[in-house]
Amino acid sequence: MFDTGSMTDFLLRMFGLYYLAAGIGLFTAPDAFQTIAGELKSSALMRLISGILALTFGMIVLALNNDWTSWQAGIVTAIGWAGLIKGVTILALPAPFLGLTVALFARTEILRIMALIVTAAGAALLWLGFA
């Protein structure tokens, strides 16, 4: 299907596009993300679903690319581990994790800074995936 290099490039492009879109969304509609964070904290079903999705995302990425042999592959692997850890944390310790998320998302200026960082990361990942 893919050799290791092309799978890494594919995942870099995929994550780059996702982060770019999420960063732009954070910048243009911070109130929507604030609402989502609040709803996530108040809904047990949404916490369960988001925890399962994050855990599954991490496991799939690591199954496809658990590789530290190059720094590009290491970035993809780190994203996979971050998803796995996020999923476990949401499922095992939802209150502290979501309390921090809601507190961060409550401040629009923090969301704007996060938006710039996520957008820049998305552009960098896209560039790496196509370079």
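Guide: Let's begin with helix 5, residues 94-105: its 12 residues reach 16 Å from the first C-alpha to the last. Keep in mind that this is a predicted model, where local features need pLDDT of at least 70, side-chain atom pairs count only at pLDDT 80 or more, and totals for chains, interfaces and linings use all residues. Residues are numbered from 1 along each chain as its sequence is written, and side-chain values use heavy atoms, with hydrogens and water left out.

Visitor: What makes that stretch a helix with a number, and what length is expected of helix 5?
Guide: A helix is a DSSP run of H or I with at least four residues, numbered from the N terminus. The expected span is 1.5 Å times one less than the number of residues, and for helix 5 that gives 16 Å, close to what the model shows.

Visitor: How do you know which label M7 gets?
Guide: M7, in helix 1, has a relative accessible area of 7%, so M7 is buried.

Visitor: How do you know which side the buried residues of helix 5 are on?
Guide: The buried ones are L98, T101 and F105. They cover an arc of only 55° around the axis, which puts them on the same side of helix 5. That arc is taken from the directions from the helix axis to the C-beta atoms. The face turned away carries the exposed residues A95, P96 and L100.

Visitor: What do the buried residues of helix 5 pack against?
Guide: They pack against helix 2 (30-42), helix 3 (44-64) and helix 6 (108-130). Contact means heavy atoms within 4.5 Å. Leaving aside neighbours within four places in sequence, L98 is in contact with L40, K41 and R47. Q72, leaving out residues up to four places away in sequence, touches T8 and L12.

Visitor: How do you know what span helix 3 should have?
Guide: At 1.5 Å a residue, its 21 residues should span 30 Å, and the end C-alpha atoms are 30 Å apart, which agrees. In helix 3, G51, A54, L55, G58, V61 and L62 are buried. Seen down the axis, they fall within an arc of 130°, so they line one face of helix 3. Its opposite face carries the exposed residues L45, L53 and A63.

Visitor: What makes something a pocket, and what volume does the largest pocket have?
Guide: On a 1 Å grid over the protein atoms alone, a pocket is an open set of points with protein on both sides within 12 Å along at least five of seven lines, and lining residues have an atom within 4 Å of a point. The largest pocket has a volume of about 1200 Å³. Of its 30 lining residues, the closest to its centre are Y18, K86, I90, F97 and F105.

Visitor: What classes make up the lining of the largest pocket?
Guide: Ala, Val, Leu, Ile, Met, Phe, Trp, Tyr, Cys and Pro count as nonpolar, Asp, Glu, Lys and Arg as charged, and the others, Gly among them, as polar. By that count, the lining has 25 nonpolar, 3 polar and 2 charged residues.

Conventions: Helices (H or I, at least four residues) and strands (E, at least two) are DSSP runs, numbered from the N terminus. Buried means under 20% relative accessible area, exposed over 50%, partly exposed in between (1.4 Å probe, protein chains only). On a 1 Å grid over the protein atoms alone, a cavity is a set of points where a 1.4 Å probe fits but cannot get out, and a pocket is an open set with protein on both sides within 12 Å along at least five of seven lines; lining residues have an atom within 4 Å of a point. Grid points are joined across faces, edges and corners, and a volume is the space filled by probe spheres set on the points.
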